[in-house]
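Hi,

Here is the model I promised to pass on. Have a look at it first, and my notes follow below.

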Amino acid sequence: MPTPVSHAVTLGQPVTFHFSGKTAKNKFMKSAMSERLATFSSYDPTERGQPTEELIRLYETWAMGDIGIIVTGNIQIKKDHLEATGNAIIDRDLPRDYLEDYKTLSRAAKSHGSLVLGQLSHPGRQVSITIQPYPESPSDIEHPSTLGVLFAKPMSLTKEGIRDIVRRFAYAGSVLNRAGFDGVQIHAAHGYLIHQFLSKRTNKRTDDYGGSLQNRARILLDIIAEIKRVANNPSFLISVKINSEDLTVDGIDQKESIMTAKMLEAAGVDLIEISGRTYEQDGQSEQQKTLFAAAREAYFIDFADHLRPHLSRSKIAVTGGFRTAEAMAEAINLGSTDVVGIARPLTAEPFLVKEILRGAKLRAKEDKLPPRQLLRIAASASQIAEIGNGEDITCFDNAFNVSRFISRMQKEIPASVSEVHCSV
């Protein structure tokens, strides 16, 4: 019969990646969450996106938690196209030397032996009109208003604009490589720009970047190839985050996700993280509720089982829903996933992984928050800020703390929904 010790042994085994040769010290990965702790100015773009002491402290804390792989929140590649105010940025047009900033962040996150990946992203059309009134996307399809947040109609990117996006991703990757990061993760999920290209719902192009899945995936494959070329470092690990399926009309389905993953393996991607959801889904559909109810503890583990036979070299990470050491170890032992992705539990308990590996904990801390996805994400965002500021972390298993937080958020949630990352 499995025991806490046997779970710890399973989850404590290292993971070696085929293409880069990098080895993570255990099976755990901190998945990306939007930290919103970098500098921001509404008036001066040159004052945006610089890592702060608070951001460094956050990653120093997670580094002490004995996590095998740490993925940063989404680092934006254009100073005026942000997922949220306070995003970290690497933009070749800004007159700043990013190298020292990101060397400091890299040292903090790697200080206890974790592999560290910088997640690179562009929001595309999925950005509040208050942040970017002229968004860009593969096609001019406007994002519907979600929970009171308005999105502007995007401009369809030209071919030169697409090539510029590719070069910007590669530039950011080259900076992270020189700064000592172990690799990058390209965000191609959750309705952001690369996902918009992959999905027929948002990509109506008739040129080389639209139509067939091969064409819709072209920008992603070009980004991977250009990062590899510019970094010129065979040991620089490439990861991509994709949706298992969108559960929307004309969205990505499981068949296309599997086909995309096979293309990623052929392109030399070491780690494919499986996730789901987009902002356009402002609450779970009946289909989603059925999917999540039928799933094992991790939401996307059944899709990972379907994906597994199609990959031989790329590793799989499943993020979303893992809460118990038993379910995590079972997913590894059954071959469903190679890496266990955790996000929100690590804002409540930054040292959760260390405690599971010691056999001191069997599950993540529970909470008394209502089952509202947006509220739960906002609660984690507040805990991230507390960790970054060196404050005590609010315990949401306390009913009084929950009540006080909900009261505070009743006015703030509609204004900040676009600033919450979809990781779970």
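Buried residues make up 60% of the 424 residues in the protein, where buried means under 20% relative accessible area, exposed over 50% and partly exposed in between (1.4 Å probe, protein chains only). Bear in mind that this is a predicted model, in which local features need pLDDT of at least 70 and side-chain atom pairs count only at pLDDT 80 or more, while totals for chains, interfaces and linings use all residues. Residues are numbered from 1 along each chain as its sequence is written, and side-chain values use heavy atoms, with hydrogens and water left out.

On the overall fold: the protein has 15 helices and 13 strands, taken as DSSP runs (H or I of at least four residues for helices, E of at least two for strands) and numbered from the N terminus. The C-alpha trace spans about 60 × 50 × 50 Å along its principal axes. For 424 residues, a compact globule would have a radius of gyration near 22 Å, and the 20 Å of the protein agrees with that; the radius is taken over C-alpha atoms, and the globule rule is 2.2 Å times the number of residues to the power 0.38. Among contacts (heavy atoms within 4.5 Å) between residues at least 6 apart in sequence, 71% join residues at least 24 apart.

Now for helix α8, residues 254-266. Its end C-alpha atoms are 19 Å apart, which agrees with the 18 Å that 13 residues should span at 1.5 Å a residue; the expected span is 1.5 Å times one less than the number of residues. Which residues of α8 are buried? They are Glu-256, Ser-257, Ile-258, Thr-260, Ala-261, Met-263, Leu-264 and Glu-265. What covers them includes α6 (213-216), α7 (218-231), β10 (237-243), β11 (271-275) and α10 (301-307). At the start of α8, Asp-253 puts a side-chain oxygen within 3.3 Å of the backbone nitrogen of Lys-255. After α8 comes Gly-268, with a positive phi near 90 degrees.

Next, the rings. Searching the whole structure turns up five aromatic pairs. Rings of Phe, Tyr and Trp (its six-membered ring) pair if their centres lie within 6.5 Å, with planes under 30 degrees apart counted as stacked, over 60 as edge-to-face and the rest as tilted. One of the pairs is Tyr-59 with Trp-62, edge-to-face at 5.3 Å centre to centre and 70 degrees between the planes. Both sit in helix α2 (residues 53-63), three residues apart, about one turn of the helix, and both are buried. Another pair, Tyr-98 with Tyr-102, is tilted, at 6.3 Å centre to centre and 45 degrees between the planes. These two are separated by about one helical turn because they are four residues apart in helix α3 (residues 98-110). Tyr-98 is buried at 1% relative accessible area, and Tyr-102 at 0%. Together with Phe-181 they form one aromatic cluster.

Trp-62 also has a charge over its face: Lys-30 lies 4.6 Å from the ring centre. The test here is NZ of Lys or CZ of Arg within 6 Å of the ring centre and within 35 degrees of the ring normal.

Some loop residues to look at:

- Arg-36 is not a glycine, yet has a positive phi of about 55 degrees. It is in the loop between β3 (28-30) and α2 and is partly exposed, at 25%.
- His-190 is another non-glycine with a positive phi, about 60 degrees. It is in the loop between β9 (183-188) and α5 (193-198) and is buried, with a relative accessible area of 0%.
- Ser-114, in the loop between α3 and β6 (115-121), is buried at 4%. Its side chain reaches the backbone oxygen of Ile-67 at 2.5 Å. Not counting residues up to four places away in sequence, Ser-114 touches Lys-25, Ile-67, Gly-68, Ile-70, Ala-109 and Asp-182.
- Ser-42 lies in the loop between β3 and α2 and is exposed, at 51%. Its C-alpha atom is 8.7 Å from that of Ile-131, 89 residues apart along the chain.

Cheers

Conventions. Polar contact = N/O pair within 3.5 Å; in protein donor to acceptor, adjacent residues only side chain to side chain.
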